[in-house]
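I set out to look up a few elements of this structure one at a time, and I keep my notes here in the order in which I made them.

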Amino acid sequence: MAGFSIHPLLPSVKAKITAIYQHDDRLYVGLASGSLQIHSYTIPKDDDKPKAELLKTHTLGKRPIDQIGILGESKQIIILSDTVVTLYSLPDLPKKSSIVLNQARSAHCFAHTTYLPKGLKKSSDSTLDNGMKDLLVVGCRKKVVVYGTGKGGLKEGWELNLPHSPRTIIFPSPPSTSLPETIDLLFTPQTSVLLHINPASSANRLSVSDVTTSPPPPSSSASLIAEEGGSTGITMGMGALSGLGGYVGLGSKSAAPLGTRTVGGEVLLARDDLGAFLSSEGNYTRTESLQWPGPPDALGFANPYIYSVVPVLPSSSASTSSAIPIPTIQIHLAPTLILRQALTLPSPSAGGLSVSHMMTTIKASPSTVPAENMVSSTKMLVVSTPTDKQLSQAEGSSIWALNSGEIGDEVDQLVKEGRVSDAIGLVEAVGENGLSPSRRLPHLQTLQAVTQMAKGEYQSAMETFLIFNVNPALILSLFPAETISGRLHVPKDQWMELFGAVEGAKLAPHIETDKEEGTARGILKSVAGLGGLSKKGSINGLREMGDNASIRSGKSVDKNGEQEKVPIMKEEDAIPPRAALEALMYFLSDRRQKLAGAISTNHLPPESEYPPLSSLSAKEQHNLPSIPFTELTPEQLLRVAQVIYTGLIKVYLVARPILVGSLCRIENWCDVEEVEELLKAQKKFGDLIDLYQGKKMHGKALKMLHELAKEEEDKLDRYPPTIRYLQKLGPSQLSLILKSSDWIFDEDPKMGLQIFTADEPEVESLPRSEVMQFLEKTNQEACIGYLEHVIHTLGEEGSDFHDKLAELYHARVKAEEGKNGSIELRQEYYAKLLEFLEASKTYRPYRLISKLAADEMPEARAFLLGRMGKHEEALRIYVYRLEDYPQAELYCVRAYPTNDDIFLLLLRIYLRPSANSGKEALLSPALSLLSKYSTSLPPSPVLDLLPPLVPMQEVDKFFLLTLRDTHTKQNEARLLKNLVKGRNEELDRLVLGLEGKRVRITDQRICPQCHKRLGNSAIAVHSPRGEVTHLHCKDSFSAKLSKSRG
Amino acid sequence: MASRKKVLLKVIILGDSGVGKTSLMNQYVNKRFSNQYKATIGADFLTRELVVDDRVVTMQLWDTAGQERFQSLGVAFYRGADCCVLVYDVNSSKSFEALDGWRDEFLVQASPHDPENFPFVVLGNKIDMEESKRMVSQKRAMTWCQAKGNIPYFETSAKEAINVEQAFQTIAKNALAQEAETELYNDYPDPIRIDSENSQNYGCNC
């Protein structure tokens, strides 16, 4: 219900009012008796209802005053009475100085306005002489007279003969603009022409043109639908016939055609029960016309409403045949033609009521403060006269003030009723400057987009949401909870409130189909009953209207059957229609890009600094501001990012499952908790792992990988995903890597080893000792593999690693011994140990040797002892334990370069077994040693060692070689001695030669260093060219020399 | 296809900054090359007409700024694309490794109806540099392309105009096939249509 109200302004003036005119603070009332009453017209400060007080009464004639007007510029009052138009000077009204417009005799009506002549600019201050001119147009019998256009002003009248007599004249343009070039002249309710004024053309300064003769466009259902819950609907009872008959008789007075100016040069003309909108060119401006239940009695316009008085039968008295129609003021919203309210004037005690006049109030100076234009104010004055003769004489007519509600309240009301487009029309008509933000166009257009969502016009709704930067969380809330919105979901009946509409706002106007049909049928019947009273066309119009009204409104109504093609989101469907999803993707994709732009200038805080999105209540998400992303705070921006990405992934899951993977892999702000269950439900495990990885939620990813692996049989499917994942983690995640690789080592250590041996920078940078320690505990075989990799492939030199590898090799050999298994394997392992002990340079032998039991692995022990420098012990092992003389000799060969007497040591071991060992001296290996390495053995200790009785044969080779060796050495020494001697002599000769050189110092000789004379100073001679310098210049000069030589 | 109406192919070129996207386009459209590097700001497009399978088509090449990932180009930029060209520099491993990300990014932003069969073409640019500088082998690139659904691969040099013409001919051919595919989609009375119609109406959102 819109907030219009009606108040008595002048109840019961005890006379019949035939004309009223309000101008500024005066109300002029013309009576049937020919008197003119002047009332004050004031609006008290504390009240929005005007007050009127009788000031004066002038008797101007004996005939009823038919029309009153005020020429504001020339301060004259126009009175039309007895077909004569008379101008009275307003200040001198008592003096009755009057001008009768003789040129305009037989006048039926007039209209007046003010205009700004061409070439004059409207001055900003409204001083008296502002160049404005009055214009008066009088409609006479078969002609029209125009005053105020020529040079003579009001004294000069231009005439044009017409085929009919104008009964009503309307200026399409508002006052105080330029000269109206077009004026509507109404002859009958069906016929009108356009009068054109062209002062520039002397021959043709007045001309007429016809308006379109095609029938007016049909009405939409909107103008007839009463506001919800309105008791004063346009219901016509079954007994309408008699009542209407009575009405027609009563209403015969209003034969004059009706019309009003609206905005933008448009006029509304009442064509019987249809209100047609026409342009200044005489064409229909709209595709719809306004529908009244019957021809209106009065018509007025005050932006943005059309006010009309139509007789309506009271529904309650439908059964009584004496029902009398009540004049009802219908108020339609001009931009959309929706009927906003119907007001009934109070019924008189007897008989009916006729409304003869309605006029739009005129303010002297319209307020410039926008807010003031929005408040409740009086828009219309209405004159009513009882139809009962006695009552009419006793009480006379009444004047009512019609007040509009506050525009803001009206906007809210329209929104509440689900008529957002009407609200938009209203705000567009009055301008949004004085309104609060929630009543302005951006907000209303957003709300309209919400209603479009409900109607299935997803794409255009999304475009609107994008324009107004609507919080994405709100958009997502409109989608089904199960697939898209989750906790954000809001049921359809709360959508409007979610977007900030007034409480209880509906998505579409509520229409009770049954009631509507009933009403429509009632109208049809009653109209049909009227027979020839109405034109056929209007009956058709009504039927059409009735048909339409029974279908729920919405665009789909226009094309029957189209409804099927626009799937509408239903609460119970988990999956929204395709078009809705596409539109949502469109919206989110755009938001995503805008987000990227905002992030590039306004960096996001890390997600980890805030609690996850899933911890935010739906309300908190809904409350994110709907402003451009660049204006959000970093935290808000992060939240919006999370909302967008989480929403996007959910839409993809429904509409583009393949893209889920792409989204998970790129940088994103998806809230994992929100989507992980959805991803799992759709078996998008791989994508979920990617998402975890991107979010550094490696623990979850690895757990998931493990779960997935359990279902794989083939080991090539089972392990590599986890292995690859672990290989990418790097040192910072070491403990996780170790923890998560456990199960692979349990099942397949060889595969597991790849985690630590892959040729990846992340893997190579893992701390080796930690890995080694872990592997040692987990799986020794893998640990060996790892150590072999780092030592052999990566060249690790660290003693710890070498020690550990040796130790592990050793342990492995030992472990193999315990088993009854194959000897070969043990041999292989042992060989490997020995090979390592020999090849590696950095292990610490004493560590391993302490682990060796006294008599196990003698070769290894010997190796270790050798490394420790305990050659004797080592050799003893070879000789006594192993009795492997070639190995012992080999050992010596290896050790010889650093140990001169190693062979002697071996020989001693051979020949002088320790007393407690109880071994015999080993003569034959000793002798073979002697013969093979005789030159590496000092002869005399050998002789000491040799047992007293040795066949010469056995040792002759040794002696021979030793002697020969001794001789060779002797000869070499002799040769060398002589060579050295020869060289010494050569040098002596050279020195002698050099010492024989002389230099001559004369007085003239100058030191090449300091360029002073040498004189008797101490000198130095420089070789080889014999330069002479001062002694103290020697060092610097020789430095210079050596430098010049390079 | 029966209508033989004029075909406009929208091709998006993506890749890391400095791989030569603008140069390739300039070489193809204007037959020009400049050694100077000037970072592209935002996005720009060039068009060239060519004949593919006896049809004259206009190819609209959208060059993007690789430098900062995705300024606010708005939703319309990637929408309605008929082919996406991924460019990397064969002398930079990093630019090659970024291809995955560019591909994913494109798919997410363009949300094509059939992401699995959307045509991509990969260009390995700057092969005119000396062999010793090369970081990505042809084999490595081709393996990647194969794994992503047999993406056509070309090694190009915008500087020496090597393979540029051939590469863009393939791009146009694949884009045309995609265009035909979308038309097929459009033949269905599917609400999807709303979308593609709109994308045509949209010029630029920036």
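For the first entry I needed a term: I count as a helix a DSSP run of H or I that is at least four residues long, with numbering from the N terminus. The model I am reading is predicted.

With that in hand I went to helix H31 of chain A, residues 871-882, and noted that A:Glu883, which follows H31(A), has a positive phi near 50°. I then listed the buried residues of H31(A), which are A:His871, A:Ala874, A:Leu875, A:Arg876, A:Ile877, A:Tyr878 and A:Val879. Looking up what these buried residues pack against, I found helix H30 (858-867), helix H32 (885-895) and helix H33 (902-911) of chain A.

Next I turned to strand S12 of chain A, residues 143-147, where four of the five residues are buried, so the strand is largely enclosed by the rest of the structure. Which strands does S12(A) pair with? I found that S11(A), residues 133-140, runs antiparallel to S12(A) and is joined to it by five bridges, with A:Val138 and A:Val145 as bridge partners. S13(A), residues 157-161, also pairs with S12(A) in the antiparallel sense over five bridges, and here A:Val144 has A:Leu160 as its bridge partner. In the hairpin of S11(A) and S12(A), two residues lie between the strands, and A:Lys142 takes a positive phi near 55°.

Conventions. Residues are numbered from 1 along each chain as its sequence is written. Chains are lettered from A and ligands numbered from 1 in the order in which they are written. This is a predicted model: local features need pLDDT of at least 70, side-chain atom pairs count only at pLDDT 80 or more; totals for chains, interfaces and linings use all residues. A residue is buried if 20 or more other C-beta atoms lie within 10 Å of its own, exposed if 12 or fewer, and partly exposed in between; C-beta atoms are placed from the backbone. Two strands pair if DSSP finds at least two bridges between them. Two residues are in contact if their C-beta atoms, placed from the backbone, lie within 7 Å.
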